[in-house]
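Please view the sequence and the model together while reading.

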Amino acid sequence: MEPPERPAAHRAAFAPWDDPAARPLVVYDGVTKRFGAETAVVDLSLAVYEREFFALLGPSGCGKSTLMRMLAGFESPSEGRVLLAGEDLAGVPPHLRPVNMMFQSYALFPHMSVETNIAFGLAMEGRPRDEIGARVGEALRMVKLDGLAGRKPHQLSGGQRQRVALARALVKRPKVLLLDEPLGALDRKLREETQFELMALQERLGLTFIIVTHDQDEAMTMATRIAVMDKGRLAQIGTPRAIYEAPTTRYVADFIGDINLVEGKVTGAEGSRVSVMTALGDMVVAEASEPVSVGQAVAVAWRPEKTRLVRAGETGPAGSVMLTGTIADIGYLGDWSTYHVDIGGLRLKAALANAVRRAEDAVDWGDPVRLAVAPEALILLVR
Amino acid sequence: MSERATRRTIILVPYLWLALFFLVPFAIVAKMSLSQVATAIPPYTPVFGLEDGPAVWLAKARELSLDNYAVLAGDRLYIDAFLSSLRIALIGTAILLLIGYPMAHAMARAPERWRAVLVMAVILPFWTSFLIRVYAWIGILKPEGLLNELLIGAPLAIANTETAVIIGVVYSYLPFMVLPLYAALERMDRTLLEAAADLGCPPWLAFWRITVPLSLPGIVAGCFLCFIPITGEVVIPDLLGGSDTLMIGKTLWTEFFSNRDWPVASAVAVVLLVILVGPIMVYQRHQGRQLEAGR
C-alpha cells in the first residue's frame, strides 16, 4: 500500500504503473538465472514503463547487474522471459537489441577518439556520413564536450570519460538506456551534479532509463520507481517515497536510509490500528500496511527524523509514544545532527535539523532526554 | 653518492654492457669486413698491433677497402641469399601470425585456471634442445619419414626443400609469436567487446574493429621477434633445407668456416645487420609510442 503521492510539479500525473491500461515497455516474466550452482536471480517478475527512470537497487551480488545484462543480451535467462515492447528477446543477440548500455567501466574504445567512439554505434547502423557527423556533434554538445572530439579516452578526466560513455550510449536513441553504476567512479560533488543532469536529460529526450546502483541516495534522487533487490529476489518495488515511508519488509526498511527497529508482539488490532508490545513498552501503530493477528511477531520501525527530542521538563505532543533515555552520542553534520539515545538497552537514533544557528539549549552527551514518536510515523513490519 | 649520480651509474651499467658486448665486437667485425683475406693467423690483413705505433696504423688503415662489399654486390649468390632469407622470413612470419593469432586468442579466452597450463604447454618445447627438435623434423619429413608413412601412395618430397625450412621455422618460432600475442589479448578488457555488441556491432566485425587494433602491439612484437632471427637463421636451413635453399645465415657460416674468408663473412654480417636495423628501429619506435600512450 502506497501513501498518496504528493505531486511534484514536473511529474504530476506520471504514474503509468498505476494505470491498468498502460502497456509496459520492459517486462521480466518469472526470470531465473543460474550460474552453475549459484542462482543470481530467482523467479523475478517486474515491469518498466516508457519514460520511466527505473532504479535497480541492492547490495553487490543481489543480482541487479545480472538482471540488466539479461536485457542487454549478455546473459540469457535460465527460466522465464524478458520482453521488450511486447516481444520476447530470447535468441536476439546483443548487437540486434534496440537497447544501449552505459558500462560501469565506461568501456570506451581506447584506440578511438572521442568522436569515433560516439560515432561507432551510428556507423554500425550504416548511417550516412553527414548524419553521423551531425548527430555526434549534437551528442557532444549535449554532454558539453564540444571541444574534445579529437581526444583519446586516456587524455580525458574521469568525469569527461563518463560523459563520452553517456553520449555514446545515447546517440543511437535507444528504446531503453541501461546505466550500470554510471556515477560510481565520480567524486561526490560531481556525482550529485551529474545526477541532476541525467534526470534533466532523461526528461528532455523522453527516453526510458534503467539504472543499476548500490547507492540509495542516487536511486532516491533520480528514480521514478525503485526495485529493491535482495539475494536475487525483488524485496519491494515502488516510488522512492513509498520505499522510504512505507517499507514492507525489515530488509527494505533497514537497507534504505536510517531506521529504528524494535521487535514485538501484536496485542490488539482494530482496523489498521495495531497495538504492539515491545521491549520499550506498548506502541500503537496508526496505519498498519497489512492485516495482522494478535500474538503475531512483528517489528515496529520509525525513521530517525520522524522523532522529536523532548527535553526534561517539557511535555511531548499528545498521543505520541514517549521514550525516556540518555544521549550516548551526537553526530553533528552541519545541516542535521544525529543523536544516539540509549533507551531500555537499545540504542535508538534521532535526527534533528539544525534550523537555528547557535542554538543555546543544545543537548549534550549524557543528558536525559525523551523521544516522542507520533503513531503515524510508526511502520509495522511483518516480514 | 647523490641521487643523480646513483641514477647515472644505474643507467651507465647497461650502456657499458652494450658497448662492451655489442659495439666493440661490431667494430671488430666491421673492421674485418674492410680487410683482405690472407693465409695467416688470423686469416686476414691488415692486423693492427699494439706495438705498431700511429704511423704504422695509418699506413695499414690505407689498406682497408670496401672490396668485400663490392664482392657481395657483384655476386648473385649473396644477393639471392639475402632475398631468399627475407622471403623465407616473411612467409614464415606470415604463417606464424596466421597460426599464432587464433592460438593466442583461444588461450586468452580460455577459463582462467586453464591459462597457466596453456602458456606452459607453449613454453614446454624449450625444455628440449632446439637441435634435437629440428632433427626430429628430419625424421618426420624425410622421404620414408613419419609423414610419408601416413600418406601411403602419395609421398611428398618435402625434406631438403624451402618448404621444409618454412615448416621448421614456423615450428621453432611459434612460442615467440604466441606469447606476445597472448599477453596483448589477455590484457584486453572484454567489456569492450560487449560495448561493441551493445552498439550494434556483430562479433566478427568487433574482432576487426576492436580486438585486432588493440592487440597490435602484440602483433608487432610477435612479428619482429620472429622475422628478425628467422632472417639470420642458420641451423634450420642447414638441417632441413638441403643444398638448394639459400639463406644468408648459412652463407655466412660457409664463408666463415668452410672458405675461411673472414672478411667476406664479416661483410655479410654487417649487411645483414644493416638490413635488420630498419625493422628493429620501426619496432623500437612503435614500442616507444605504446609507452607514451600509457598503455
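The sections below describe the basis of the model, the domains, a sheet, a residue, the chain contacts and a helix.

## Basis of the model

This is a predicted model, in which local features need pLDDT of at least 70, side-chain atom pairs count only at pLDDT 80 or more, and totals for chains, interfaces and linings use all residues. Residues are numbered from 1 along each chain as its sequence is written, and chains are lettered from A and ligands numbered from 1 in the order in which they are written.

## Domains of chain A

In chain A, the domain assignment gives domain 1 (9–98 + 174–250) and domain 2 (258–381); such bounds come from an automatic or database domain assignment. The centres of these two domains of chain A, taken over C-alpha atoms, are separated by 33 Å.

Five residues of domain 1 of chain A are in contact with five residues of domain 2 of chain A, where contact means that C-beta atoms, placed from the backbone, lie within 7 Å. On the domain 1 side, two of these residues are nonpolar, two are polar and one is charged. In this classification, Ala, Val, Leu, Ile, Met, Phe, Trp, Tyr, Cys and Pro count as nonpolar, Asp, Glu, Lys and Arg as charged, and the others, Gly among them, as polar.

## A five-stranded sheet in chain A

An open sheet of chain A consists of five antiparallel strands in the order β15-β19-β16-β17-β18. Strands are DSSP runs of E with at least two residues, helices are runs of H or I with at least four, and both are numbered from the N terminus. Two strands pair if DSSP finds at least two bridges between them. β15 (307–311) and β18 (346–353) of chain A each have a single partner strand, so one side of each is left without a neighbour in the sheet. On average, neighbouring strands of this sheet are turned by 45° against each other, direction ignored; the axes behind such angles are lines fitted to C-alpha atoms.

Strand β19 (residues 368–373) of chain A is joined to β15(A) by five bridges, and A:V310 has A:R370 as its bridge partner in β19(A). β19(A) also pairs with strand β16 (residues 321–332) of chain A over six bridges, with A:V373 as the partner of A:V321. Six bridges likewise link β16(A) to strand β17 (residues 336–343) of chain A, where A:I330 is partnered by A:Y339. The hairpin of β16(A) and β17(A) has three residues between the strands, and A:G334 takes a positive phi near 95° there.

## The setting of A:A253

A:A253 lies in helix α8 (residues 250–255) of chain A. Is A:A253 buried or exposed? It is buried, because 24 other C-beta atoms lie within 10 Å; the term requires 20 or more, whereas exposed means 12 or fewer and partly exposed lies in between, with C-beta atoms placed from the backbone.

Leaving aside neighbours within four places in sequence, the contacts of A:A253 include A:P247, A:I259 and A:I379. A:W302 is 49 residues from A:A253 in sequence and 8.9 Å from it in space, C-alpha to C-alpha.

## Chain contacts and a helix of chain B

Between the chains, 18 residues of chain A are in contact with 17 residues of chain B. On the chain A side, α2(A) gives the most, with three residues. The residues of that side divide into 10 nonpolar, six polar and two charged.

Helix α5 (residues 112–123) of chain B has 12 residues and reaches 18 Å from its first C-alpha to its last. The count of buried residues in α5(B) is zero.

Key
The expected span of a helix is 1.5 Å times one less than its number of residues. Two residues are in contact if their C-beta atoms, placed from the backbone, lie within 7 Å. Axes are lines fitted to C-alpha atoms, for helices over the stretch in contact, and angles run from 0 to 180 degrees between N-to-C directions.
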